[in-house]
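Hi there,

I'm passing a structure on to you, with some notes on what turned up in it. Please open it next to this email and follow along.

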Amino acid sequence: MDRLGTAVRCIRYDRRSYGETEYSPEDGWSPVADTVAVLDASEADTVIAIGSSIGGRTAIDLALAHPERISALVLIAPAISGAPEPELEPLVEALDAEIDAADAVADLDAVNRLEAHLWFDGPGHEGRVNGPIRDLFLDMNARAISAIDPGTSGDALDAWSRLDRITVPILFLVGSLDLLHIRERAREAAASVQNGQFVELPDSAHLPHLEGSPSALDAIAEFLALRG
């Protein structure tokens, strides 16, 4: 948002179990419906939706469920509903097992440290990013992993097989140090949509925008500038 400045109206919100959003556990809740509620409350009829990771999944599902609300998408290492289960690389599989083991004994500090390695640094690059930005990630992630379970989502969607129905321009961004299957999935998705652009960002992992990657921020700003 700092990179975009005041020339673009930006709306951001914390989804359930992230940030400072307050909620009660509720089976059947809908990330898409929550997003529509935010748009309605903000009197935003049509938007360019920018989503990272699981936020990317919500942005894609929103574009399919309410195409009239979306003029373009920016998807940063997006999860995609209905995508095939990935075959993890050995290092990623080992880190995933360590995270599960730490979570099983409620060692949230260890979970946070391991997830910083996996998602923020990139597998095999532990400690790559340091300073205030790392502290910010650890603080944000600590909130997420200690949050109350929001309940089971009611959005049982399959976007993977319907990506070709999205006709608006889509920018896919992935870091070159992100998990292999995430990079490959984004590349495949970009090729399957009608108006997709794929950009792999050097020396970045799963959250290039949070790292402050100039190439990521420039790509987003240029994509938005082309659309008014």
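This is a predicted model: local features need pLDDT of at least 70, side-chain atom pairs count only at pLDDT 80 or more; totals for chains, interfaces and linings use all residues.

**Helices that cross**

Residues are numbered from 1 along each chain as its sequence is written, and side-chain values use heavy atoms, with hydrogens and water left out.

Helix α3 covers residues 90–104 and helix α4 residues 108–121; their axes come within 8 Å and cross at roughly 160°. Axes here are lines fitted to C-alpha atoms, for helices over the stretch in contact, and angles run from 0 to 180 degrees between N-to-C directions. The angle makes α3 roughly antiparallel to α4 (over 145 degrees; under 35 is roughly parallel, 65 to 115 roughly perpendicular, and the rest oblique).

On the α3 side, the contact (heavy atoms within 4.5 Å) includes Val92, Leu95 and Ile99, and on the α4 side it includes Val111, Leu114 and Leu118. By class, this contact of α3 with α4 has nine nonpolar, one polar and three charged residues. Ala, Val, Leu, Ile, Met, Phe, Trp, Tyr, Cys and Pro count as nonpolar, Asp, Glu, Lys and Arg as charged, and the others, Gly among them, as polar.

Helix α4 also meets helix α5 (residues 132–145): their axes come within 10 Å and cross at roughly 125°. The two helices are therefore oblique to each other, and their crossing is right-handed. Among the residues that meet are Phe120 in α4 and Phe137 in α5.

What about α1 and α2? Their axes come within 9 Å and cross at roughly 75°, which makes α1 roughly perpendicular to α2. Residues in this contact include Val36 and Leu39 of α1, and Leu62 and Ala65 of α2.

**The sheet**

Now look for the open sheet of four strands, in the order β1-β2-β3-β4 with parallel pairing (two strands pair if DSSP finds at least two bridges between them). Because β1 (47–52) and β4 (196–201) stand at the edges with a single partner strand each, one side of each is left without a neighbour in the sheet. From one strand to the next, the twist averages 15°. Strands β1 and β2 (residues 70–76) pair over six bridges, and Ala49 stands opposite Leu73 in β2. Helix α8 (residues 214–225) lies across β1, β2, β3 (170–175) and β4, running at about 180° to β3.

**Salt bridges**

How many salt bridges does a search of the whole structure find? There are 11, each a side-chain nitrogen of Lys or Arg within 4 Å of a carboxyl oxygen of Asp or Glu.

Happy exploring!

Notes:
A crossing is left-handed if the near helix is turned anticlockwise from the far one by less than a right angle, and right-handed if clockwise.
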